[in-house]
Amino acid sequence: QRSPRPLSDLAPDELDELLASTREDYEALRTKGLALDVTRGKPSAAQLDLSDALLRLPSTTTDRSGTDVRNYGGLAGLVEIREIFAELLGVDVPQLVAGGSSSLTLMRECLVDLLLFGGVDSPRPWKDEESITFVCPVPGYDRHFALLEELGISMVTVPMREDGPDAAAVAALVADDPGVKGMWLVPTYANPTGAVCSQEVAAELAAMPTAAPDFKIFWDNAYAVHHLGPDEAKSADLLGLAAASGHPHRPVMFASTSKITYAGAGVAFMASSTEQVAWYLEHLGKGSIGPDKVNHLRHAELFGDAEGVRAHMREHAAIIAPKFAEVERVLGERLGGLGVARWNSPTGGYFVSLDVVPGTASRVVELAKGVGVALTPAGASFPYGRDPQDENIRLAPTMPPLDEVREAMEVVATCVLLAAVEHATV
Ligand code: PLP
């Protein structure tokens, strides 16, 4: 039985001993011929199975108004599915659009429309500004950052805390520079830290003065209903707060059923002020004669109502919560008390964010790869893929079966320790 002592307490000869024994552990892993992957936040097959009734739905070809869902029309999406998600997302039905299958695509469309045409409150199209910058809470979602990078939008970072982004840091960045046009935020069970933005932080973001009159908060509520247990976080009401603060067009909310039903064949949502929704639909209407209402209807039938979604999410939790618990258990048993790592214990969402000894995250990922465990590249959760501290690693335990999660975490623990001892002995 190991009695954990922080590495910093060990004498040089003890560190050498630990280095030798951890190297042995590592070499033993090499002989196992592992091929494990904890890189992407995808639902497992068992989770996808929960929605297989979709393959036999819809049961009818008309919506409740009698309209044939197989035909063109209804740009804002089927009312039945919008009603269910308006309740879950805390918005009014006219404020909510149901679109295609990817919320990321909706985010891209909004950004491109802002660039090409400007928004309802823009003095000019964003492309005509000298420069455009987004505030990015870190660690954050790699695809948000890649999207901005591709569109030529600069990024500045603020720390993500347990109750949301550092609001004072955001306020300081947006106060004087009209080129700072927006920010990302995953408000509930953030990717990857699991943080939940409090109503207080949301209120500060909603009310803060911004030099740009058309500042946008891209409020990506991808994990709004993705609780892991009875401790269910309630999303802050940014749309309501912003409207009450006189900035009704500041928030643009996104969500999808990618991790509720099928990732790739679900329904994506966008919500904002009614004026900004009209703006979005006007541009959308040039490129679409209507969304896939057959998909909307089969989703509405699958759930029935908002409570149906909540019950469905409890079935997801029954599958994935044990995997999160296993991550917690293995990391705790193997690394607790050594002072070489910190990790969060999320109550929802899809990720565990692991901070290792600064300067060793890339080494940990390299070591894990060497014994057949694929980890998300170090730095992925930062703009431009650069983690200035080289300390953060995103773990995604939902997809592999439980025994593979356990094996992968054993490897992660060994690699974190080996990298830390190597670092301490150079
Ligand atoms: N937003 C966040 C925060 C995510 O983590 C993900 C997927 O990992 C997405 C959006 C992708 O959503 P969609 O499948 O609706 O495009």
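The protein chain is divided into domain 1 (7–47 + 310–425) and domain 2 (62–304), with bounds from an automatic or database domain assignment. The model is predicted: local features need pLDDT of at least 70, side-chain atom pairs count only at pLDDT 80 or more, and totals for chains, interfaces and linings use all residues. Residues are numbered from 1 along each chain as its sequence is written.

The C-alpha centres of the two domains lie 31 Å apart. Their contact takes 25 residues from domain 1 and 28 residues from domain 2, where contact requires C-beta atoms, placed from the backbone, within 7 Å. On the side of domain 1 that touches domain 2, helix 11 and strand 13 are the elements giving two or more residues; helices (H or I, at least four residues) and strands (E, at least two) are DSSP runs, numbered from the N terminus.

Strand 13 (residues 392–395) is covered on both faces, with Asn392 and Arg394 buried on one side and Ile393 and Leu395 buried on the other. Buried denotes 20 or more other C-beta atoms within 10 Å of the residue's own, C-beta atoms being placed from the backbone. Strand 11 (residues 352–356) runs antiparallel to strand 13 and is joined to it by four bridges, pairing being assigned if DSSP finds at least two. Valine 352 has leucine 395 as its bridge partner.

In helix 3 (residues 79–89), nine of the eleven residues are buried. These buried residues pack against elements including strand 8 (251–256) and helix 11 (306–335). Just after helix 3, glycine 90 takes a positive phi of about 70 degrees.

Key: Buried ≥ 20, exposed ≤ 12 C-beta atoms within 10 Å, placed from the backbone. Contact = placed C-beta atoms within 7 Å.
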